[in-house]
Amino acid sequence: MPTKIWTYPSEFTLDASSTMDIDVENKVDSLEYSWDFSTKDVDIISTENNNEKMVVRFNSIGRHKITLTATDEYGKATKLTKLLDVKSTLRPQIEAIP
């Protein structure tokens, strides 16, 4: 679901914080995150904690494929792919003047 459906219906928060690695929990390893998109028509608004969390805004409607890759310090990686439906890219600005 978009982050602010009325203001930015094509803006989404991607969050990989639920990924788990026992070595990371024991503080002997760390994870790096990378996100790949099926479209280049996407803007990265912000990132947190080595790309673990990211806010993106799509500039085209349709079904977009997003792939998350989590890689540890030893090169072991896992991937997860999801489809995301972007229904609108309209970004209305409403101004009321009395």
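Visitor: Does Arg-57 count as buried or exposed?
Guide: This is a predicted model, in which local features need pLDDT of at least 70 and side-chain atom pairs count only at pLDDT 80 or more, while totals for chains, interfaces and linings use all residues. Residues are numbered from 1 along each chain as its sequence is written, and side-chain values use heavy atoms, with hydrogens and water left out. Buried means under 20% relative accessible area, exposed means over 50%, and partly exposed lies in between, using a 1.4 Å probe and protein chains only. The relative accessibility of Arg-57 is 17%, so this residue counts as buried.

Visitor: Which residue's side chain is joined to that of Arg-57 by a polar contact of 2.5 Å?
Guide: A polar contact is a pair of N or O atoms within 3.5 Å; within protein, one must be able to donate a hydrogen and the other to accept it, and residues adjacent in sequence count only if both atoms are side-chain atoms. Arg-57 lies in strand E4, and the side chain that its own side chain meets at 2.5 Å is that of Glu-11.
The strand label comes from DSSP runs, where helices (H or I) have at least four residues and strands (E) at least two, numbered from the N terminus. The partner asked for is therefore, by the polar contact of 2.5 Å, Glu-11.

Visitor: Why is strand E4 described as largely enclosed by the rest of the structure, and how many of its residues are buried?
Guide: Strand E4 covers residues 53-58, and it is largely enclosed because most of these residues are buried. The count of buried residues in E4, out of 6, is 5.

Visitor: How many bridges join E1 to E4, and how many join E3 to E4?
Guide: Two strands pair if DSSP finds at least two bridges between them. E1 and E4 run antiparallel, with Leu-14 having Met-54 as its bridge partner in E4, and the bridges between E1 and E4 number 5. Strand E3 (residues 42-48) also runs antiparallel to E4, with Glu-48 opposite Lys-53, and the bridges joining E3 to E4 number 6.

Visitor: Which residue in the turn of the hairpin of E3 and E4 has a positive phi?
Guide: E3 and E4 form a hairpin with 4 residues between them. The residue in question is exposed, with a relative accessible area of 55%, and its side chain is joined to that of Glu-52 by a polar contact of 2.9 Å. Its phi is about 50 degrees, and its name is Asn-49.

Visitor: Which strands stand at the edges of the open sheet of 3 strands?
Guide: The open sheet has the order E2-E5-E6, with antiparallel pairing. Each edge strand has a single partner strand, so one side of each is left without a neighbour in the sheet, and the two concerned are strand E2 (31-37) and strand E6 (77-86).

Visitor: Which residue in E5 does Tyr-33 stand opposite?
Guide: E2 and strand E5 (residues 62-72) run antiparallel and are joined by 7 bridges. Opposite Tyr-33, the residue in E5 is Ala-70.

Visitor: Which strand gives the most to the lining of the largest pocket?
Guide: The pocket is found on a 1 Å grid over the protein atoms alone, as an open set of points where a 1.4 Å probe fits, with protein on both sides within 12 Å along at least five of seven lines, and lining residues have an atom within 4 Å of a point. It is lined by 26 residues, of which Asp-15, Ala-16, Trp-35, Leu-68 and Leu-80 lie nearest its centre. E1, E2, E5 and E6 each supply at least two residues of this lining. The strand that gives the most, with 7 residues, is E6.
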